[in-house]
Each structure stands twice: as structure tokens, then as C-alpha cells.
Amino acid sequence: MLQKPGKKIILLGNEAIVRGALESGVQFVSTYPGTPASEIGNTFFRIDKRAKIYFEFSTNEKVALEAAIGASFSGLKTLVAMKNFGTNVALDALIPFVYTGTKGPTVIISADDPSCHSSAQSEENTRGISYLVHIPILEPSDPQECKDFTKLAFKISEKFKIPVIIRTTTRVAHQRAPVKLSKVTKPGNVIGEFIKDPERFVTMPPRVLEMKKELLKKIEEIKKFSEKSPINQISRGRASVSSKLGVITSGVSYLYVREALKELNLNLPVLKLGFFYPLPEKKIQNFIKKFKKVLIVEELEPYLEKEIERLAKTANPKLQIFGKNLLPEVGELKPEIVTSTIAKFANYKLKIENLLKIENWKLKIPKRFPQLCPGCPYWLVFGAVKKAVDPKKVIFGGDIGCYMLAGLSPHFLQDYLSCMGSSIGIAHGIKKATNPAFAKASAGKQKLITFIGDSTFFHAGIPALINTVFNKSNPLIIVMENQTTAMTGHQPHPGAPLVPNGIKIEEIVKACGVKNLKIIDPINQEEFINAVKEFLEKSEVSVIIATHPCIFVAPKNA
Amino acid sequence: MPKNLEKFNIVIVGTGGQGLITLLQIIAEAALFEGYEVRTSELHGLSQRGGSVEVHIRFGQKIYSPLVSQEKADLILGLEMQEALRGIYFANQKTKFLLNKQIILIPLVKEDKSSSSATESRLRDEGGKEREALFDFAAARVVKNLTETEILKNLKKIGKVILIPAAETCQKEFNTNVVAGIYLISLASFKNLIPLKPNSISRAIKKIIPEKYLELNLKTFKLAKVY
């Protein structure tokens, strides 16, 4: 990752982002792991000492962004990386950061996962937050652009004093391709200095409204920059067809468009948008003004399409706009989908090679679902719970981690699943709703067990636990302490014992006021089963810390 | 660089833990050595814990999409036979299937909460025959793991099938089948099933495989030569 310039090496999109940051002279990096963004943190974790930069795995994405804001306020060049849901967590800190603006240039990586290959809770299109936040968003298509756009994002941030988002998707972040390396810029003096400037760093009315005006003015300036930026590029097609039809696209969809045009031997003009926000509106209007029909190729929600409908009203009111009437709004695009869509759009007869009619084959291949690893301690926890209770009579709360597999065969121990930390928050609501204080003691009394991992507990479980204590409900919370952030690739978290002087979860739980607490290695099945049985009868919240390391965590004394 | 090769599309299918991403990296590096454009696509995260995995590698004169299109694979490398059958989505009549002669049984269990502990121990018992003909809980219909005969019959309806006892050969020779994939891609280069020189593959192995495992992998490469 620190190799010499001039070379062309194969990089993963996420690695190319790291390289782009290093070539920009990044000084401070924070992250919370989440697929498909995890390799950004993993790579920095591996090289931070050699690269002489500051890197941390933060406890959650909001905290990671806040750390980055502090570093930026202190003048450092800063990068913060997260997956889409992490950006939701960080949003509360992000909006005021755009108001105050940056001091040290700051780039935020937000990785979406169309088709939810590695995302449980929703199929999110993070581009939408640009309207809410007023933050510039760039969309690379491939690893080379991951590197180039990261560098450009730092430049934009430096020039306009605003954080910039690079929005990737799985097929960009986890795409490998050769990337041309340039010179790594030495981070230089990584000791920042916070210079007091309340006018700049304090968001409070009435100043906050002035800040909003300044922000909107900034966005107008960045729009001008976007109009001239070569990352919004037009390739002109052949005159014969190009006078009538055009394609507008961005991100990985651009690669499918190019592939399709080559395959169909069509030469349509294509506008590839590197900026999602602010859009180069004049460039778009110039591009569409002579067309009869335009096709917008974008994944998920039709944000571009809606913008282009608006822009066409003045530029070309008769323009026929195609997009989500031909393309799916759910699930990622694939090259074959784009090829058949462009063929339809251009009235081009697609040679049907599909003689095999594969979809009509009645092949019954059983689904191969992911499984807990052989030897995973969660087998022991789920097994013990099943022995302790009748699963039909207990509600099971799920959370984000490998233990989501509780919902699959052979466990079937998951009755709800939402976002990080929510197993506890929702458990409290269910307990309150089903066992209201005014109900008689003999009423319903649905019992509830939640499963939450240690990293997830640190991330967002603690405030919810405090709430169950303060507002008095009685779920049984099983904290699965496997000593690592297993699902995303075994990143460290603040907990003991792997981290020297690490935080002990039992001390947090005790400090929250939880009286029913047991720490049990689930290998001691009988003890675990008895604890589950005992705690389910309690009228106050109970916590079992199921402590046993993930099989990928080296034994402590080995 | 052979000027006539416009593009070559490979899909590798298997199960999580079989080292598909390593194979992808080796082929991509080998293609870069030979001066091709190359793009790949892979998935990370929870879906990789023993579930179905599929990675894409494309190289040639000009490559845009990192994903292979439906029916456009030149080579489907199946590290597990049932997964290879799932790979027919990418096959046409010219597609070659290079298969590891290995079936990793899919645990199919009936949701039976009363005997959960029995189910669990059964699952952990690798060879358990009960796994074979149980219940697909998701589709709520009876399905079974497919047999080698069934898989081959179906694959042969589509493309050319080359069945190699890679796992068995490696197990016999090295006492581990973890290198079965390396054996297959090496064999593919020796038998011209991948338009990349064996020398490029061995160079790429040296570049990608960590020092600790390099000797085993190079031995595997050599073993594939004498197949």
C-alpha cells in the first residue's frame, strides 16, 4: 500500500480509497467496520504505523465522525469510513458539521449495498441524504476512480471548507482492477492545533441560520465547480443515432452501460456523472436539449431521474425520460439487465441466445444458507437457551452480528431484527407494552430474551440498557462476548481481555444498575441453562454475559 | 499479449471458506502479467460463512463490467458440484465447466424445536446421513442434496464438463484439500482452459500466497502439471 509511484497494481475499490487518502497526505482516520466498507479500516489498521498517521476503530460511526470533526477542527487532513447504516448513526453529527464546515479537509466514505449482500436491515440509497444535509457526494465506478475521487474529494473539501462524501456500492468497493499509483504524500506534522473560533465551530442560533445561508452559498459555488469538473464526462456517440437518444448514468451502472453499448454495437452519447450532489445542471441541460429520448441508468431510487425530469422542463419539455419504467428499483443492476434495457430503449432487436431457457428449468437445488462456524461459541448459547425454555413461548430479540444466524436453521431463535443495539431498545418496548404496570400480576407476561454481541453492545446497546433499568422493564439480555467484531472481519473493540486495560462489560452492566448479572462461559451448559431459567422469572432486567472467544481470536495465553 | 483474445469471462462458484477470493486474486494478477485489462467482483461479510459464494473475473483487451453477464461465462470453475449447477445461470453451450469432484452436503433440517439438541449434534456430525433427505424449511417443500449423477446429467445438457478429483488428489498427496482450487486453476492453465500461461499462474501464486503456505501451493501447481 505504500509502494512506489508510477506502478500499476491490482487494488480492491476499498484499498484504492486508502491509497487515494495516502496520496492526499491523510493524517487522521477513524472508522467503525461494516461491509462493504470494512477493508478501508482494516488496511489503515495494518499500515498506520508505517504511514505515520493516526488511525482508530471507534466505538460507533457517530463517535468516529465526531473524532474526525475534532481532528478537522484541529487542522488535520481527515478521513472517516463507514457503511450506509453507519452514516445514519452519524447523521446527527454530520448535519452540524456541514454548517460549521471543515478546517482540515475531511472526506467521509459511505458504502451502500444494493441487493443487501451483507446488510440485514434495509436496502439503503445513501445518495438521498445529500438533500437533507447539503453535502457534496461523489460516486466512483471502479478502483481507479475510488483513488482519484478520494483525492478530488480532499481538494474540494480544502477549497470549499466542507466535508465531502464518497458514496460507493458493493460492486465498486469490492471490485478489483489495476490502479495507477501516484506519489504518497507524507502526512507531515500530524500534531494539530485547535485555535479557538466560536464564530466558526459553535452552532447556535442566531449564528446557525447565518451558517445555513453560508452553506447554501457554498453549494452554489460547488455547483459551478461541478459544471466544469471532468468527472462529469460526456462521450459523444455516432451522429446517426446520437441526435435522438442519450444515456445518463453514474457509479457502477456506468460500467454496465459501456458493456451493453459494446455488446449491442451501439454508439449512443453517454453522460457519466461523478458528482451526485450538487449536480452540474447546465451540463445536463446542454446534454439533453437535443434528444428525443433519454435513459437514466441508476440503481435503487430514481433520484437522478427526478432531477432530470425537473431540468428537462426548461431545457427540453418534449423529452421522453426513461428510467425506472424499464429498470428495477429494488436490487442491484446487472450487466444483462442494462443490456436488455438499452436494447429496448433504442428499439434494438436483441439476439436471443437464451435457447436454454434456464429459468424454466425445474432444478431443485437446496439453498445453502450461511452457518455459524464449526466450534463457534454461539452454538453453545443457542443450544442452552433451547434447553432452558420452550422457544414457542418466549420472544427472541436479534441484533447485528454473526448471531443474526439465530434466525436461520437449525436455531430459529429470532422474532425481530432491526438496527445496531435495537434488540434491547425494542425488548424494553415489548415488555412495557405486553406487561403494563397497571396489569394484574397474573396477566400475559410474555417472556423475552435478546442476543447482542459485545461490539454491538459497545456501539449502541448501552443507552438502551440504561433505559430498561431507568424505565423498569425486565427482558433477559444475553451479551455474546466473543472478544471481537467477528462478522466484519475480526476487528478489535474496546472490551477486555484482548485490549490491555480494556473495558469490562460486566462493570458497565453493574454501573448501569443491573442487579441480576451472571458471567458464564457457555461451555458450562448446565450453569447457563439454570441461569436462563432463573433470570426469566425476575421482575427486573437481567444480563448474562456469555463469554467465550470467537474461534478466530487467538487464545489468551497461547 | 495474444491479440485475438477480446475477452475471457470466469465465474468461480463454491462455498464460503473454500478460498475463492484467493483464486480470484491469482487469476487477476496472472492476467495483468500478460498485459490484459482485468476486473473482478467478490462479496465479503456474513454471507460467506459457509453459504453459497460466487466470484467473477473478466480479462481481455477492453473490460468494463466487473460482473459476468448471464450466459456469458467462458469458464465456470466449480469448487463444489451443487454450486456449479447453480452457476448455469452464467453458462451457454460453449461454456466449459471445470469441476472439483466434491459435494459438500447442505444441511437441510426440519424445524423441530422439540429435538433441537439432537438436530444440533446431527449438524455437527459431518458425515451424518440424516442430512441428506430432510426438509427445505424456507421453501417448505421437500428437496434433497443432489447426487453427482444428477448434477452431471444436468450440466452436460448445457456445456462441456471436465470433472477432476481435485480435493481427493490433494488430500492424498498433501493430506489437505484446502489447495483443491489452486490445483484446478493450475490445471486449467496447463490444459488451456484459461488463456493464461502456467508461468503467469505460478508467478501470481508467488505474489498472492503468504510465505508460510507458498511451498504447499507451488507443490500443488506442479502436481497439476502431471495430471
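Into which domains is chain A divided? Chain A falls into domain 1 (8–228), domain 2 (233–345) and domain 3 (377–547), with bounds taken from an automatic or database domain assignment. The model is predicted: local features need pLDDT of at least 70, side-chain atom pairs count only at pLDDT 80 or more, and totals for chains, interfaces and linings use all residues. Residues are numbered from 1 along each chain as its sequence is written, while chains are lettered from A and ligands numbered from 1 in the order in which they are written.

**Domains 1 and 3 of chain A**

Between the C-alpha centres of domain 1 and domain 3 of chain A the distance is 34 Å. In the contact between them, 13 residues of domain 1 of chain A meet 14 residues of domain 3 of chain A; two residues are in contact if their C-beta atoms, placed from the backbone, lie within 7 Å. Helix α2 (residues 38–51) of chain A gives the largest share of the domain 1 side, three residues. Helices (H or I, at least four residues) and strands (E, at least two) are DSSP runs, numbered from the N terminus.

**The contact between chains A and B**

Chain B puts 51 residues into the contact and chain A 50 residues. On the side of chain B that touches chain A, the elements giving two or more residues are α1 (20–33), β2 (37–41), α2 (81–86) and α3 (116–124) of chain B. The largest share of that side, six residues, is from α3(B).

The make-up of two of these sides is tabulated below.

**Strand β2(B)**

Strand β8 (residues 175–180) of chain A runs antiparallel to β2(B), joined by two bridges; strands pair if DSSP finds at least two bridges between them. Here A:Arg176 is opposite B:Thr40. Within chain B, five bridges link β2(B) to the antiparallel strand β3 (residues 52–60), and B:Ser41 faces B:His56 in β3(B). Four of the five residues of β2(B) are buried, so the strand is largely enclosed by the rest of the structure. A residue is buried if 20 or more other C-beta atoms lie within 10 Å of its own, exposed if 12 or fewer, and partly exposed in between, with C-beta atoms placed from the backbone.

**A:Val190**

A:Val190 sits in the loop between β8 and α8 (198–201) of chain A. It counts as partly exposed because it has 14 C-beta neighbours inside 10 Å. Apart from neighbours within four places in sequence, A:Val190 is in contact with A:Gln27, A:Lys52, A:Ile53, A:Tyr54 and A:Leu76.

**Helix α17(A)**

Helix α17 (residues 454–470) of chain A has a kink of about 70 degrees at A:Gly461, shortly before A:Pro463; the bend is the angle between axes fitted to the seven residues ending at a residue and the seven starting there. Buried residues of α17(A) include A:Phe457, A:Phe458 and A:Gly461. Among the elements covering the buried residues are α16 (422–434) and β16 (447–453) of chain A. Just after α17(A), A:Lys472 has a positive phi of about 60 degrees.
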